[in-house]
Each structure stands twice: as C-alpha cells, then as structure tokens.
Amino acid sequence: MLFSYIFGILIFGYAAWTISRFIKKSKQGRCATCALQKACEQKPSTCSNVVQIQKNEPQLIRNQHI
Amino acid sequence: MEVALLGNPNTGKTSLFNELTGSYEYVGNWTGVTVDKKVGTLKKQMGQLIDLPGVYALNPISKDEGIASQYLLENRFTSALNIVDASQLSRNLHLTVQLLEFGKPLVIGLNMVDVAKSRGIAIDVNQLSEELNVPVLPIVARTGKGCHDILNYFSLKNQHVSHFTIDYGEKIEKAIENISDLLHEEQLNHRWLALQLLQGNRVVLDHIKINKGIDIERIQRIIQELDKHIEEVEKCSLVRTIYSKRKHIIDDILSKVITREKKSDLTFTDSIDSIVTNKFLGIPIFLGIMYFIFHMTFNWIGTPVSDWLDGFFSGPLSGWIGQGLQVVHATPFIRALVLNGLVAGVGGVIVFVPQMIVLFFFISLIEDSGYMARVALVMDRIMQAAGLNGKSFIPLVIGFGCNIPGIMAARSIEQPKERLITVLITPLMSCSARLAVYSLFAGAFFAKYQALVVLSLYVLGILLALVMAKIFSLFFKHEHSVFVVELPPYRIPNAKTLFRSTWDKSKGFVKKATTFILGGTVVIWLLSYAGPHGLNVDIDHSFLALVCGYIAPLVAPLGFGTWQAATALVSGFLAKEAVVSTMSIVYHAPHSGTLTGVISQAFTPLQAYTFMVFSLLYIPCLSTVPAIYKEVGTRKLTWFTVTYCVVLAYIVSLVIYQGGRLMGF
Amino acid sequence: MILTELKKGEKATILNLSRTTKLVQRRLLDLGVTEGEEVCYKCALPFGGPCMLEVCGQCIGLRRNEAKEIQVVRT
Ligand SMILES: Nc1nc2c(ncn2[C@@H]2O[C@H](COP(=O)(O)OP(=O)(O)OP(=O)(O)O)[C@@H](O)[C@H]2O)c(=O)[nH]1
Ligand SMILES: [Mg+2]
C-alpha cells in the first residue's frame, strides 16, 4: 500500500513537472531559441531589431545604387 | 573571453564550432544552415565561442545575415575568428577585409585546405599572414585537423590587433574623414562605420541613429554628394567602386600567395548534376528519392523492427511489469496507471523509434551531401508559379524533420514577402511527429502500400502549401521575386556528422516521448479512468468521453465522429505524437491485442486516410506557434496561421471523405 | 549577346550586369560575379526554369529572366 502511494505521487509529480516545463518553454516565444538569452533580456532590442530591419528592407534595396 | 565566428556561408563555421566546443549544432552542405546565434563553451574553459549565420558581406540582405551584422555592432566580443574557404579565397577575402577594417583582434582560420589541395590550389600561408598582417591558421574543420592550433592560439593572452588599411582614393578617403569627424561619440571604429555607411549598410545606419548626438542628415548629404561625384567620374556606383578597390588589392595579394596547378575536381559534381538537374528527370528524381526513403523506412527496415518492438512492449514487457507490480502488492489504480496509461501510451510512441532513426538518417544524408541546393534549383519553376522562389523549398524540406527549424530556415530567403509566406506555409509540412500517426494507420490499413500512402501525404502537404502560397501572395503588393542560389560542390557525407545528426534527432524524439508525452499521457489516462460516478468507470462514461463527446459531432462529417478520435485530435495540438499515445489509451482494452488490431476494427480505410490527412494539416503543434510568432512578428498573423490550417484541414478532409464515399470506398 | 543565347557548356565574359534586379545584382556581387568575369552556361531547366552557371570556380543557380538581362561576349 505504502509503495502504491509513493509510486503514484512520483508518477503524478513527474507528469506535472514535465507538462509545466514544456508549457513554460513553449511560451518563451520571442527568445526561446535565441541562445544569448541573457543579452536579450538586458536589451530587448537585440532580438526585435531584426524584425524591424526586415520591415525596412524593401525600401532599402530600392533606394540603393549598386 | 568571447570569440565570434564569422565567415562566408557554408565555409565550415559550425563544423569548427562543434569541434572546438564539443557540442552538436546543425551542419549541412548548403548556404544558410545556421540562422541564429549559438553560444558554446570553448574546451579547457577558456571562454565562449559564438557561432553566427554566414554572411557574404557585412551589409545584410536576408534576415539571418542581419543577425550576424547586428551581433558585430552590439556585442563586445574579445576577438573574431574569421573562417575562410581556401578553395574560394578571393570571394572570402572581401569579408575578411571588412573585418580587418572593423579593428578588433582577428585571426583567420583557413578552412577546407583539403578541398583546395584537391583542386590544385596551393596557398602560402605565411605569405598570406604577412600580407594581411594577421595570424592565419590552416585547418580542416571536418576532420578536426589543425583545430588544436586554434585553441592554443586563444590560450595566449596577448592578441594581435591588425592594422590593415586600403587606400580607397582621394575623394572617398576625404568623405570617410568627414563622416568620421561626425561620429566622434561612437565607440566602434569610425573608419569602419564610415565605410559601411558609404556602402549603404542599413543596420549600421540604424545603429548610429540611436545615438542622438550624431548629425545623420549631414552624413547622408556627404554620402549623396560622393555618390553623385563617383557616378560622374567613374561611370560606376559608389558601392561598386569600393568593391573594385578591394578586389584590386585582394587580387594583388592572391597573386603572391596562390600557385595554381591546372587541375579540377569539379567533374564529379558536374556528372552528378547532369543527372539530378536534368531537364526532365529533376523532379521525378526528387520524388523517387522521397519514395525510396519511405520504402526503406516502412517496408524494409523501420516497420519490421518496430513491429517486433510493439510485440515486445504489449507482450513480454507488459507481462513482466504486471508481475512486478503484483509482487509489491500495487493497488489496482497503480496497475491501471502503469499498464494502461504509461506502457500503452508512451510505449505506443516509442515503438516508432526505428522508423524515425531511418528517416532521420536519410534526411541527414540529403542535408550533408549538397543535394539540398539542387532541390531548390529544380523546384524553382514550380515555386515561382506559386509566387515563391526555389529557396523557399529548403525550409519546407527541413520542415519534414520538424516544423520549427523549417520555419526558422526561412530567414535565409532574401525577399521579405516570400520569406513571410514561406513561414506561413511551413506548418503544412509533414513533420516526423506526424509520421508516428501515419505509421500507425498505414500499418493497420495499407500494409502493402505504406510507402506510397505516406508519400501521397507528403506530396499532398506540399501541393496544398503551394496553393496556399499562391492565394496568400495575391494579398501582398507585388514585389519582384528573386532567385540566386549558390550550388556547393557535392561532398561525400561525413560518417561522424551523419551519426551525430541521426543520433541527436532520435534522442530528441525519445526524450519528448519520455518527458512531456508521458506527462500528457498520465493526464489523459486519469481522465479516462475517472468519471462523474467515481474512479475505474467504464471508459465510455469517463470525463474524457463526456467532454470530447461534444467535440465529436464537429468532425463527424469527416468520417471519424467518435469521442476517441476527437480526444486524440485535441491532445494532438500539444504534440502530434500525442495523437498516437492518446489512441493507445482510449482504444486500450485488456486482451484485445495490439493497437493496430483495435484500430483496424474502429475505422474503415477511407476514414483512416481522411484521419491521416486531417492530422497532417489541422494545426501547428504548441511549440511551433511561438516559433511562428517569432518570425512573423505579430499576434494577428500567428492566429491567422493557426486558423487557416484548421479551416484548410476541414475542407480538404471533407472533400476526401465525402468524395471517397461517393466513389464507393 | 545575352547570356541565355549561349549553348550548353559555352564560355563567355560578362559585359554588363546593370539591367538585372537590384537585389540580384547585390547577391551576384557577393558571390564575386562582376563585369569582366568569365561565365560558363551549364544548363537550363524546362518551362523557363532557372539556369545553372559556373562563375569564379563555383556553381550558381539563377532565374532565367534575370539571366536574360546579362550581356556577355563569347570568349
Ligand atoms: N572537405 C571539407 N569539408 C568541410 C570542411 N569543413 C566543413 N566542411 C563541410 O562543409 C559543409 C558546411 O559546413 P558548415 O559547418 O555547416 O558550414 P557553415 O559555415 O556553418 O555554414 P552556414 O551555417 O550555412 O553559414 C558541411 O557539409 C561540412 O561537412 C573541411 O575542412 N573540408
Ligand atoms: Mg553554420
């Protein structure tokens, strides 16, 4: 009986932990895959800037003489 | 200490990174493999090594190149390690020159000396080092030859700052000087900044704009004046003039450094290319290769092994665990949890590991051989019809492994519109997790034609992606589509890389199954075990059956209106493998034999095929959604992607099921 | 003459690139493809598909309509 309790708690505990970790990981969104997480936290612009460049890009290419 | 790896694409930066840090990052023989910065710890704990996307020049066109330029501007690294492809020296040195102008300590890793040698290119390393005034270390990153010298170099404390300047001519030098004067508050090298501004580097311009004290307008006026002047005098744009000045110097250096024997090993590549990029055979060969891979995966290697594994799990293993639980007097609750929940659910996913290993092996083989860029070339005409370009096909192929790296790989596409559309359609690619669903159903219903059925699903995914791309492109302003792709020479895939890559991906699959799929399995099992009338209820009266019974009618027109199928689809949003683990639980009845047997009773072949199509399309999994958000940048577009997938899946499945019924299946 | 008029395997020197799209010009410049370089026209895919070139010791793939804007002279 005691074994069953311990075993049950272990399994449910592990299950809860894996799910919460997975959700946390998935939610990180913007910088989840960016390995320089610390740098990103200090300076949010590091990651978002790239998106900005992308927006300006068509313009940049048209204006430029090559 | 922080060392940044910089260099042209596909020169072996990541190969060296793996060698020096003992990690395993994505290596492949095409341009644009690495699309994000990766941090690793140098062996002997000397410091950090940063792997960056490959760039041709510091003025970025695509998004991955932007990441590298941005890194250069914003991170205070100690030293830069420039990887140079010895067989393509003249092109590679254009970047080296710009890095030298940047003025940080630099060391050159002269990679691919083996390739250069086989092409009859002999390089005088000492002379090159002298000419550029910077240390040059010859290496072969793939085998690790010479990599030790790089570690040794970095363990020396005093690092060499080179002074290498090119005289760009009176007018340009004057402008550089004038601009430098205006940049006095900037910390980065003024000459470098000025030169990048003259070349129209947008990232640099944005960077100095942050600094309020700088008179941007004056700088722009200087650039415009110079541009006009150069255009008149040299009959050639400013960017090109700077380029030719550099080229002149580089050619001069190379003439002293390189001795060329007349010898070429491109014939090997040529003869393969004459087949795989053949006018008529190109696309059939691609489909043939895919079919061959599925045939190996399902009919020859994967399925036989996995059937054996399945038998072992549901037979002896369950028996042993059952006996073990009896010995320790486990309660019926624990028995059910372990046997009907964990073993059935997680085991149901794990049995597909053999298929995954075979599939991953072949994907790695394609990635490391150089075929990927040829696929882009062969597919370009079709992609053009869909409003995209051939390069968009690379993310789609990567998406076959997992959609997330596929979505990120879109960064290497030059044109913003095409990049965005590629991100939007990549979730329709059949990832390896979905393969578990196909394995289950195709094994149960179409045993003889498994490979063909699976191929049809992959092709359906691609076709629908192209149709959607065409539709999406109608909503965008027309932009000129571009397609330029570098076709690297074929390389015999490296056994070590192949093994590591296959191992890594398979490990990921097992890890996912034993962590988060296991967690989900426990929850699903609990919901199927408990009901309004207490525990251990008949599964048809469990909470799971009650709740998902409400969803079932929604998918009834598609042919699978049971609560079991609805449950599987709901949990499949978390991860596609969960479709299989959930089915194992909800269809698990004692003494009913393997899951395959039960499933073949519960579905007709047409329903089974429709179910596979629906699972292929219906929603990007939970981890993919943030990846999409990260690339598209807006919540609205992310929601749009999720929604259109659901709608598309519904319509296509409806057409297949109702159409199939009309035809009498 | 223009690049696409070359026969399979023929070599030529690039005379003028300036009529191609700006973005393509920049990429070609990145790859070292400029006026004066020798180019070998290797093959073209059907239905107006892209063509394969060998320039500066490397193979590149390029859209046919862009290749049509490149002026060359036979060597
Ligand atoms: N023959 C030979 N092949 C090499 C060498 N170094 C790397 N390679 C191969 O070159 C290809 C590209 O290697 P990667 O390390 O992915 O190149 P990368 O510079 O990281 O490429 P991007 O991430 O696209 O910029 C792979 O197929 C490697 O196996 C080498 O020294 N000799
Ligand atoms: Mg790389």
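This briefing covers chains A, B and C of a predicted model. Local features need pLDDT of at least 70, side-chain atom pairs count only at pLDDT 80 or more, and totals for chains, interfaces and linings use all residues. Side-chain values use heavy atoms, with hydrogens and water left out; residues are numbered from 1 along each chain as its sequence is written, while chains are lettered from A and ligands numbered from 1 in the order in which they are written.

**Chain A**

- Chain A has 3 helices and 0 strands. Helices (H or I, at least four residues) and strands (E, at least two) are DSSP runs, numbered from the N terminus.
- The element order of chain A, from the N terminus on, is α-α-α.
- Of the 66 residues in chain A, 38% are buried. Buried means under 20% relative accessible area, exposed over 50%, and partly exposed in between, with a 1.4 Å probe and protein chains only.
- Chain A has an accessible surface of about 4200 Å², with 63% of it on carbon and sulfur atoms. Accessible areas come from the Shrake-Rupley method with a 1.4 Å probe; for residues, only the protein chains shown count as cover.

**Chain B: overall build**

- Chain B contains 31 helices and 11 strands.
- The radius of gyration of chain B is 29 Å, close to the 26 Å from the globule rule for 665 residues, so chain B is as compact as a globular protein of that length. The radius is taken over C-alpha atoms, and the rule is 2.2 Å times the number of residues to the power 0.38.
- Along the principal axes, the C-alpha atoms of chain B fill a box of roughly 90 × 55 × 55 Å.
- Buried residues account for 63% of the 665 in chain B.
- Take the contacts in chain B between residues at least 6 apart in sequence: 74% join residues at least 24 apart. Contact means heavy atoms within 4.5 Å.

**Chain B: surface and charge**

- The accessible surface of chain B is about 25800 Å², and carbon and sulfur atoms hold 63% of it.
- Chain B carries 56 positive and 50 negative side chains, and the centres of the two sets lie 5 Å apart. Lys and Arg count as positive, Asp and Glu as negative; His and the chain ends are not counted. Each charge is placed at NZ of Lys, CZ of Arg, CG of Asp or CD of Glu.

**Magnesium site**

- B:Thr14 (OG1) and B:Thr34 (OG1) coordinate the magnesium ion (ligand 2) at 1.9 Å. The pair links distant parts of the chain, 20 residues apart: B:Thr14 sits in helix α1 (residues 13-21) of chain B, and B:Thr34 in the loop between α1 and β2 (38-41).
- Donors are N, O and S atoms within 2.8 Å of the metal (3.2 Å for Na, K and Ca); water is not among the atoms, so sites may look incomplete.
- Both B:Thr14 and B:Thr34 are buried.

**Two residues of chain B**

- B:Glu101 belongs to helix α3 (residues 89-102) of chain B. B:Glu101 counts as buried because its relative accessibility is 5%.
- Not counting residues up to four places away in sequence, B:Glu101 touches B:Tyr168, B:Asn189, B:Trp192, B:Leu195 and B:Arg246.
- B:Thr562 is in the loop between α25 (543-555) and α26 (563-572) of chain B. Its relative accessibility is 32%, so B:Thr562 counts as partly exposed.
- Leaving aside neighbours within four places in sequence, B:Thr562 contacts B:Ala552 and B:Tyr587.

**Chain C**

- Helix α1 (residues 22-30) of chain C is mostly covered, with 8 of its 9 residues buried. Among them are C:Leu23, C:Arg26 and C:Asp30.
- C:Gly32 follows α1(C) and has a positive phi, near 85 degrees.
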